[in-house]
Amino acid sequence: MSEIKRIKVGTASCGLAAGAGAVLENFKRLAGDIPVAEVGCIGHCYCEPIVELELKDGTNIFYSSVKADDASVQAILALTENGRFTIPAERAAIEKLYVTRLAGRIDPKDIEEYKANGGFESLKKATAVTPAEVVEWVKKSGLRGRGGAGFSTGMKWSFLAAKTAEEKILICNADEGDPGAFMDRSMMESVPFQVLEGMLIGAYATGATKLFIYCRAEYPLAIKHLQIGIDAICKAGLNLLPGREKPLDIMIKEGAGAFVCGEETAMIASLEGQRGQPRFRPPFPTDKGWNGYPTAINNVETYANIPVVIADPDAFAALGTEKSTGTKIFALAGDLKNPGLAEVPMGVTLGDIVYKIGGAAPGSVKAVQTGGPSGGCIPADKFDVKMDYDSLKELGAIIGSGGLIVIGNDRCMVETARYFLDFTHRESCGKCTFCRVGTMRMFETLERIVAGKGQESDIDFLEDLGNKIKKGSLCALGQTAPGPALSTIRYFRHEYEAHVRDGYCPVNQCNALSDVALDPAKCVKCKLCIKNCPVGAISDDFKIDNSKCTRCNTCIDTCAKKAIARVKKGTGYDSTPGK
Amino acid sequence: MSEIKFILDGKTVTAAPGETIMQAARKAGVEIPGLCTNGKVSRTTSCFVCVVKDKKTGRFLPSCSACPAEGQEVESETAEVAEMRRTALGLLLSEHTGDCEAPCTMACPAHAKVEEYVRAGRKGDFKEALRIIKERIPLPMSIGRVCPRFCEKDCRKNITGKAVSINDFKRLAADLYYDEYMEDLPELNGKKVAVIGGGPAGLSASYYLRLQGYAPTIYERMPQAGGMLRYGIPQFRLPKEILDREIAHYLAMGIEINCNVELGKDITLEQLSADFDSVIVCVGSWSPSAMRIEGEEYAEQGIRWLEGLAHAKWTNCKNPGRTVVVGGGNTAMDCARNALRLGGDVTVVYRRTQNEMPAEQLEVHEAMEEGVKFEFLTAPLSLRKNVDGSLSLACQKMELGEPDASGRRSPVPVEGSDFTFEVDTVIAAIGQRTKAPAGIEADKRGNVAAARENLQVSGNIFAAGDCVSGPATVVEAVAGGRKAALAAIDFMEGREHVEAPLFNVSRGHWRSLCKEDLVYIRDNVSEDDRVQPEYISMEKRKTTFEELFPTIPAEKIQAEGERCIECSCTSKGECKLKKFSEKYAVKPDMFTGKKQIHAADTRHPYIIHDRMKCVKCGICVKTCGEIINKNLLAFMKRGFNTSVGTSFNQGFPSYCKDCGACINECPVGALDWREKK
């Protein structure tokens with residue numbers, strides 16, 4: 001008899017992408033009578049696929065980077081010591097799992113398992129008091145919207161609660177659009193019932209009659225799990241709130257992929273069947289929202305926080321900092337060892353997240369982009385900043401939805417800004433002049449700079465136009481779109497100046513400003529570079545013709561002796577300089 | 001609800017509940033510009049030209065949608081707000097393309113409304129054509145014959161064939177109606193202007209002065225007025241009887257022309273400046289440049305020689321015999337062709353190749369046709385007079401070296417290539433210079449130093465024409481004369497002279513465009529060949545001074561008008577983007593970058609949808625959706641590529657009632673009727 005009570009395979013998107021599908025199949029095939037469950041994501045995306053064994057003695061064992069072959073699966077079934085995974089102590093000391101407590105630990109499709117783990121207790125607690133008291137709890141907890149703007153959730157709910165209308169609408173913003181942000185996806189995939197419970201409590205507190213979840217269509221698994229959740233809730237009758245005659249109407253609306261639809265007025269327009277474009281506020285959605293009805297919109301993570309808040313508002317308020325209470329889930333991506341999700345109390349320093357949780361090598365990081373394309377970069381010398389709404393704002397960045405893109409030392413900050421402006425100029429809704437045309441003109445200027453065709457005046461141009469775009473745009477997309485350029489200029493002006501004044505890229509990332517050079521002193525003449533060069537740019541006597549070279553980096557990656565490197569244009573041994 | 005009081009630029013303004021800042025401001029007499037609002041459709045806040053600043057928060061608000069709060073302080077007229085509006089307009093201009101003016105009009109030094117007079121001519125209304133022409137070109141008979149046709153060089157018809165023969169519209173319209181046409185002349189206002197020089201610039205200045213009620217008096221040193229038109233341009237290009245008719249009109253307008261009066265001899269600038277309210281100096285550029293070779297004195301000076309022919313009425317002149325003309329400009333061509341007609345055996349010597357010749361290629365071509373020989377890459381070295389009276393012109397062959405300051409490749413002598421022409425006459429036509437009248441400062445090239453913006457020399461003295469620009473064309477002189485006249489008028493009235501710049505957002509020069517870029521508002525634009533003049537016989541061209549070809553008749557010119565593409569914007573004069581950009585002094589190139597590329601949609605028989613002009617304000621979408629209830633237009637795509645289109649890009653469906661509501665509301669003419677008034 002096996003000691004294993006249950007096998008849990010992490011099959012959220014991150015797990016599936018790493019091969020959890022095959023792992024799951026093989027465990028099902030080889031585990032005999034042991035039940036195999038699909039669970040969500042525990043946040044350690046860097047070591048997916050992850051398999052957790054629940055043992056009969058009540059303990060559990062994690063295995064990371066599990067391979068799907070029979071031998072590996074059988075070894076795990078035999079409780080091998082190899083491949084076991086424990087959360088690094090340094091990380092465990094910082095992380096505080098409240099909102100993600102159940103993520104990756106329970107079957108997201110099973111309402112009973114959620115209940116067994118304390119699910120819907122908060123709903124029960126909330127519906128036992130008056131809606132006004134629930135709003136007061138949320139206010140008292142200090143919970144601020146996790147979508148980016150950081151507006152008090154309790155205040156927003158109180159606005160909606162104060163309205164009298166035939167219908168009142170509550171929307172869950174699940175249009176997570178920032179590149180490098182995936183905490184909402186993970187919550188919906190891993191603990192959909194927790195999100196839905198938050199919404200039910202919200203509906204009770206505000207008197208909302210209709211609930212929408214506006215989820216991007218690129219999250220099929222999230223949508224599937226949410227729909228299963230909604231069906232289960234309706235079947236259990238949880239959608240008929242105490243004191244209501246009619247059950248709540250809960251619907252998922254799949255977004256068609258426009259970044260701007262994460263903006264609340266654009267989202268409402270999209271839900272109405274209109275083109276997703278923001279509109280001028282006032283009137284605010286709580287006055288006039290979906291089809292004219294009072295409407296409130298909260299983010300997925302905000303709703304996922306609600307059960308935690310309701311369970312103990314005072315404890316929640318005690319977490320984090322004075323003005324930013326509770327925890328925040330950050331999505332770590334970019335140049336670091338351990339990409340994934342981490343839930344930490346507000347006010348933890350950025351350095352702790354990047355180095356202690358993210359595992360980035362000390363000294364390897366140049367900056368972190370927070371808040372995605374709407375945010376700004378924070379240079380490494382400011383990593384002692386406390387991660388809360390107000391501290392980041394002072395640095396010209398935003399906490400945003402919690403995406404942290406770690407930028408390593410070998411990345412060019414001009415190119416980084418160009419990358420984000422490329423995103424925003426495409427994703428502008430196209431309505432306002434400053435955003436539609438201005439971001440394009442900024443993008444073109446950045447393109448010129450990385451192509452080595454910039455002028456010194458371009459830096460001032462970017463700053464001037466960027467500040468005007470901030471002032472002259474209607475919605476947060478336009479108001480924040482220049483952020484990546486403005487903050488990189490603010491902290492890395494010297495990199496811009498190197499491009500436009502001195503004609504080189506300080507990290508030799510920009511192809512137009514870099515050459516590839518071979519150091520004859522290090523070269524052992526193995527010829528691997530010559531063999532692998534796709535364009536024949538390396539001669540038999542190991543000279544690189546930079547006018548032929550496409551800067552594909554193949555030779556650099558191939559060279560075992562690290563004899564080949566990108567260098568400042570026109571420098572470097574006796575390679576032929578590029579055009 | 002009670003009225004809301006707020007502060008707009010320091011003044012208290014009242015707004016009714018629900019009224020926007022823009023609406024309240026308008027009632028208070030402050031007009032806030034905006035493109036995306038018309039008060040009829042729901043608020044859009046797209047263009048952000050209407051921004052105002054909330055003083056307290058420092059935020060910029062779209063005044064078309066923001067409603068004032070009680071006591072709110074709003075700034076609309078500050079430099080900061082203006083800068084934001086300028087930026088918004090500049091950004092819109094950077095994605096907008098539409099040819100505010102047609103390229104021909106832009107190319108014309110006088111900015112004559114070419115498209116308009118060609119259209120009038122096409123419709124057979126040559127009197128109207130003449131009226132339009134004379135707004136900018138008061139010498140249409142002469143210019144209709146001698147203009148080098150700047151307009152045609154930039155004509156977009158060059159993409160699919162040859163340029164529209166624009167200048168022939170001028171010639172025909174003038175031939176038909178010049179004599180009978182008389183402007184509405186205002187009463188003289190008592191102010192007098194002395195115009196020194198009766199050439200194109202002086203005549204033009206006089207014309208526009210008289211049109212505004214000022215009394216010009218022309219002083220001309222020659223026996224007759226006309227300047228270079230009479231004493232430089234040969235009879236066969238501009239018959240002097242035609243010039244006489246043209247000048248007769250000036251006399252009929254009451255313009256006084258005093259001939260045989262020379263500045264510095266019979267009159268002085270000082271005296272004229274004291275006697276008249278203003279003086280305009282248009283003395284031309286009449287000093288021949290030297291060849292700087294030994295024996296120079298044996299050569300005729302080109303313009304002097306031409307002047308002599310004019311005085312002698314052309315036909316009575318001596319046969320110059322074997323002739324060499326030195327030079328590659330228009331004067332050289334005129335000398336050569338005159339010499340040919342007088343029986344000479346003519347060779348033109350030019351030190352570069354035909355490509356570098358400053359002369360009009362048409363004239364070079366005509367000269368060649370007539371039998372003028374050309375020795376290119378040849379430079380004179382010395383001139384010697386032989387005992388028999390004949391001349392020996394020693395020359396040297398040249399080759400082209402590096403480009404010089406003018407961008408032309410400079411000639412370099414070829415060693416040992418010397419050779420000699422044995423001739424009877426050598427005419428040096430290598431250029432002219434200005435001799436600035438005494439008491440007038442000259443610039444470094446010797447031309448009259450006049451201020452660029454208003455052609456003012458000093459005090460009440462202005463100058464125009466060749467004497468300011470150096471030798472140039474008649475149309476440039478005419479443009480300068482008008483400019484000096486208008487500047488002098490402003491001076492006399494004590495006004496600041498502000499020249500309205502010709503605002504234009506061009507689709508680009510035809511060389512950078514292809515056929516698909518052309519926008520045809522008419523379906524039946526003719527693709528026939530360009531009309532050709534019927535030259536007189538070659539025999540006559542070689543032996544007589546008869547005009548090269550008669551004026552092209554009306555039916556052919558009307559047909560030629562069918563070839564015109566009508567490039568300029570249909571919304572000329574109504575475009576809000578242009579209006580506000582001019583008001584805020586925004587230049588079209590304030591920002592540059594990518595523009596969307598769309599072919600104009602002309603599938604509808606009466607409506608053109610030119611999305612290259614669209615500023616995405618969405619008024620058309622809302623007008624059709626909210627007012628007409630048809631929803632035939634919608635936004636497509638997003639980001640920079642946002643555009644307005646019809647369902648599945650199928651064009652307006654049959655149930656579009658062609659009501660034109662969208663057209664009426666479009667601020668930039670992106671949607672318009674397919675006709676021009």
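How many bridges join strand S7 (residues 210-216) of chain A to S8(A)? In this predicted model, seven bridges join the two strands, which run parallel, and within this pairing the bridge partner of Lys210(A) in S8(A) is Asp249(A). Both strands belong to an open sheet of four strands with parallel pairing, whose order is S8-S7-S6-S9 (chain A). Strand S8 (249-255) and strand S9 (295-299) of chain A stand at the edges with a single partner strand each, so one side of each is left without a neighbour in the sheet. Neighbouring strands of this sheet are turned by 20° against each other on average, direction ignored.

Two helices of chain A can be described together with this sheet. Helix H10 (residues 192-206) of chain A lies across strand S6 (169-174), S7 and S9 of chain A, and runs at about 155° to S6(A). Helix H11 (residues 220-235) of chain A packs on the sheet by touching S7 and S8 of chain A, with a direction that makes about 170° with that of S8(A).

Chain B holds an open sheet of six strands in the order S8-S7-S6-S9-S22-S21 (chain B), and its pairing is mixed. At its edges stand strand S8 (256-258) and strand S21 (456-458) of chain B, each with a single partner strand, so one side of each is left without a neighbour in the sheet. On average, and with direction ignored, neighbouring strands of this sheet are turned by 25° against each other. Strand S6 (residues 192-196) and strand S7 (residues 215-219) of chain B pair in the parallel sense over five bridges, and Ile196(B) has Tyr219(B) in S7(B) as its bridge partner. Helix H17 (residues 474-492) of chain B packs on the sheet, where it touches S6, strand S9 (278-281), S21 and strand S22 (461-463) of chain B, and its direction makes about 160° with that of S9(B).

| Helix | Strand | Angle |
|---|---|---|
| H10(A) | S6(A) | about 155° |
| H11(A) | S8(A) | about 170° |
| H17(B) | S9(B) | about 160° |

Helix H17 (residues 413-427) of chain A has 15 residues, which at 1.5 Å a residue should span 21 Å, and its end C-alpha atoms are 21 Å apart, which agrees. H17(A) is mostly covered, since 12 of its 15 residues are buried; among them are Met413(A), Arg418(A), Phe420(A) and His425(A). What covers these buried residues includes strand S12 (365-370), strand S14 (403-408), helix H18 (433-450), helix H20 (476-480) and helix H21 (483-500) of chain A.

Asp69(A), by contrast, lies in the loop between strand S4 (60-63) and helix H3 (70-77) of chain A, and it counts as exposed because it has 12 C-beta neighbours inside 10 Å. Asp69(A) and Ala22(A) are 47 residues apart in sequence, while their C-alpha atoms are 8.5 Å apart in space.

Between the chains, 25 residues of chain B are in contact with 23 residues of chain A. The largest share of the chain B side, six residues, comes from H2(B), and the residues of that side divide into 12 nonpolar, eight polar and five charged. Within chain B, 19 residues of domain 2 are in contact with 22 residues of domain 3, and the domain 2 side of this contact divides into 14 nonpolar, one polar and four charged residues. The centres of these two domains of chain B, taken over C-alpha atoms, are separated by 26 Å.

Methods. Residues numbered from 1 in each chain as written. Chains lettered and ligands numbered in written order. Predicted model: local features only at pLDDT ≥ 70, side-chain atom pairs only at ≥ 80, totals over all residues. Expected span 1.5 Å × (residues − 1). Buried ≥ 20, exposed ≤ 12 C-beta atoms within 10 Å, placed from the backbone. Contact = placed C-beta atoms within 7 Å. Domains from an automatic or database assignment. Nonpolar A, V, L, I, M, F, W, Y, C, P; charged D, E, K, R; others polar. Pairing = 2+ DSSP bridges. Axes fitted to C-alpha atoms, helices over the stretch in contact; angles between N-to-C directions.
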